[in-house]
Amino acid sequence: MKSSNDEAPILIVSADDFGLTARVSRGIIEAHERGVVTSTSVIAVAPAFSSSAKQLRDVSSLGVGAHFTAVGEDPPLLSAREVPSLVDKRGNFWPTWKAFLPRAAAHRIDPDDLRREFAAQLEAISGEGLVVDHFDTHQHIHLWPSVSRVLLDLGDANGVHAMRVTRSNARGPVGVVVRRLARQLEAQLRERHWAWTGAATGLDEAGSLGTTEMVQAIVLLAASGATSVEIGSHPGLPDDPERDRYRWNYNWDLEFTALCSDTVRSAIEDSGFRLGTFADLPRWGM
């Protein structure tokens, strides 16, 4: 899938949420085999993770990340007694970042609970024979410094030294905060000599990257002049009743079609990118 020009900027096309459902997992693999997806992030707590892991293990050309989860619809791997600050009275994660981050800001999220749960999630992924090349998180909570510190320690201990830096061009307070936190995360990564992309898109457009939107994203990323960039996506195959429990208003089918389109592949080639994974990124200062 890569150009022969090793000096061309790297484009990582990521597909998040592997393991969410069987048809999301299968859609990600098909979007790699038939399309431009180069990397996927695995949710160890998701219902279809274990049943889908073998399919991913058999696709050695697809990069694999750990999509660490401490919010959302699915419960933690560990018990409520083991990670009390991460769960509500029913033993479930807080539903969204909007509930999680105020608790983190008030120091009501215990970093040791995060360490235990994230270590268990990484062990579950590695235990399926998957080799992880980068870290990111569900709903991008690793932008918060206390969360990213836990992941940096976990990565240093396990030989993983690349992380997604989420970007936003949105106006308003959320976009402003994301950009500020992204700069802080870059400083942390620089200090630890980790790798990350110089530009990225997919947060503001999550679940709505059709062919036209994806081509526009490629053009804008090319114009950034960054030597490495990432497009985050959420593909899935149609007619998936298991997705009903995730009320995210995402159009998984639309993104799958775009990722497999000749139009998007041509836009990547015309923009001078070479497709790659987080394993292709150089570590800072090394």
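**Close-up views of a predicted model**

**View 1. A buried charged pair, R164 and D136.** In this predicted model, R164 and D136 are both buried. The two residues form a salt bridge, with 3.6 Å between the closest N and O atoms. R164 sits in the loop between α5 (145-158) and α6 (173-192), whereas D136 belongs to strand β4 (residues 134-137), so the pair ties together parts that are 28 residues apart in sequence. Through shared partners, salt bridges connect D16, D136, R164 and E230 in one network.

**View 2. Strand β6 and its two faces.** Strand β6 spans residues 228-233 and is mostly covered, with six of its six residues buried. S228, E230 and G232 point one way from the strand, while V229, I231 and S233 point the other way.

**View 3. The strands paired with β6.** Strand β1 (residues 10-18) runs parallel to β6 and is joined to β6 by six bridges. Within this pairing, S14 has G232 as its bridge partner. Strand β5 (residues 199-201) also runs parallel to β6, with three bridges between them. Here A199 stands opposite V229. From β5 the chain passes through helix α7 (residues 211-223) to β6, a right-handed β-α-β crossover.

View 4. R34 counts as exposed because its relative accessibility is 51%, and the cut-off for exposed is over 50%.

Key: Residues numbered from 1 in each chain as written. Predicted model: local features only at pLDDT ≥ 70, side-chain atom pairs only at ≥ 80, totals over all residues. Heavy atoms only, no water. Buried < 20%, exposed > 50% of the residue type's maximum accessible area, 1.4 Å probe, protein only. Helix = DSSP H or I, 4+ residues; strand = E, 2+ residues; numbered from the N terminus. Pairing = 2+ DSSP bridges. Right-handed = clockwise from strand over helix to strand, strands pointing away. Salt bridge = Lys/Arg side-chain N within 4 Å of Asp/Glu carboxyl O.
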